[in-house]
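Subject: Structure for your review

Dear colleague,

Please find the structure below, handed over for your own work. My findings follow it.

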Amino acid sequence: VDGRDDDIIYIKKNKKAVTSKQALEEKNTLIRMLKEYGGWNIKTCEEHWKSDKDVVLAAVTNHGKTLEHVAASMRKDKEVVLAALGKDPEAYKFVADSLKKDPDVLEAFKGKKMKKKRSKSMKGKMRDINEETDDSDDK
């Protein structure tokens, strides 16, 4: 091996030898697909991807509750947890106990939860206004 990245050989779970360049291409493809087709698809991925921080971040920023399907070490990672909560406050139930009382985690959870409630509340108010407008048009 002459030291170039693409000459470094990795042995994957299926015992197939690949270069680091191939592995990086596979990872980038997976990240793109998780963003495009839904982060929840990580649950069908090989286990080693569920502990890869870049892959996990792509998944949870697309679908917060994906946190349920990632490695335990990722549910303890504050950056991953904050990204998941930023997408969906319901991801909180999958946060590692060691982070559940962290002030930043609690703030992200409560802040996003309040925004979600306000959004639902506003949708309901808009629906009521539209219904009132429709009723007044009938008169």
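Tyrosine 92 counts as buried in this predicted model, because its relative accessibility is 17% and the cut-off for burial is under 20%. Its ring takes part in an aromatic pair, and a search of the whole structure finds one such pair. The partner is phenylalanine 109: the two ring centres lie 4.2 Å apart and the planes meet at 20°, so the pair is stacked. Tyrosine 92 belongs to the loop between α4 (78-87) and α5 (103-137), whereas phenylalanine 109 is in helix α5, so the pair ties together parts that are 17 residues apart in sequence. Phenylalanine 109 is buried as well, with a relative accessible area of 15%. A charge also sits over the ring of tyrosine 92: the charged end of lysine 100 is 5.2 Å from the ring centre.

The overall layout is as follows. The chain contains five helices and two strands, in the order β-β-α-α-α-α-α along the sequence. Of the 139 residues in the chain, 32% are buried. Among contacts between residues at least 6 apart in sequence, 35% join residues at least 24 apart.

With 18 residues at 1.5 Å a residue, α1 should span 26 Å, and its end C-alpha atoms are 25 Å apart, which agrees. The buried residues of α1 are Ser20, Lys27, Leu30, Ile31 and Leu34. Viewed down the helix axis, these buried residues fall within an arc of 100°, so they line one face of α1. An α-helix has 3.6 residues a turn, so residues three or four places apart point the same way. Just after α1, glycine 38 adopts a positive phi of about 120°.

Helix α2 covers residues 53-62, and its buried residues are Val55, Val56, Leu57, Ala58, Ala59 and Val60. At the start of α2, a side-chain oxygen of aspartate 52 comes to within 3.1 Å of the backbone nitrogen of aspartate 54.

Valine 56, which is in helix α2, counts as buried at 0% relative accessibility. Leaving aside neighbours within four places in sequence, valine 56 is in contact with Ile42, Trp49, Lys50, Ser51, Val70, Met74 and Val80. One of these, valine 70, is 14 residues from valine 56 in sequence, with a C-alpha to C-alpha separation of 6.9 Å.

Leucine 67 is in the loop between α2 and α3. At 0% relative accessibility, leucine 67 also counts as buried. Beyond neighbours within four places in sequence, the contacts of leucine 67 are Val60, Met74, Arg75, Val80, Val81, Ala84, Ala91, Phe94 and Val95. For leucine 67 and valine 81, a sequence separation of 14 residues goes with a C-alpha to C-alpha distance of 7.6 Å.

In helix α4, the buried residues are Val80, Val81, Ala83, Ala84 and Leu85. Val80, Val81 and Ala84 are among the contacts of leucine 67, and Val80 is among those of valine 56. At the start of α4, a side-chain oxygen of aspartate 77 reaches to within 3.0 Å of the backbone nitrogen of glutamate 79.

Lysine 78 lies in helix α4 and is partly exposed, with a relative accessible area of 30%. Apart from neighbours within four places in sequence, lysine 78 is in contact with Leu99, Asp102 and Asp104. With aspartate 104, the side chain of lysine 78 forms a polar contact of 2.7 Å. Lysine 78 and valine 95 are 17 residues apart in sequence, and their C-alpha atoms are 9.2 Å apart in space.

To draw the aromatic findings together: the search found one pair, the ring of tyrosine 92 stacks with that of phenylalanine 109, and the charged end of lysine 100 sits over the ring of tyrosine 92.

With kind regards

Terms used
Residues numbered from 1 in each chain as written. Predicted model: local features only at pLDDT ≥ 70, side-chain atom pairs only at ≥ 80, totals over all residues. Heavy atoms only, no water. Phe/Tyr/Trp six-rings, centres within 6.5 Å; stacked < 30°, edge-to-face > 60°. Helix = DSSP H or I, 4+ residues; strand = E, 2+ residues; numbered from the N terminus. Buried < 20%, exposed > 50% of the residue type's maximum accessible area, 1.4 Å probe, protein only. Lys NZ or Arg CZ within 6 Å of the ring centre and 35° of its normal. Polar contact = N/O pair within 3.5 Å; in protein donor to acceptor, adjacent residues only side chain to side chain. Contact = heavy atoms within 4.5 Å. Expected span 1.5 Å × (residues − 1). Arc of directions from axis to C-beta.
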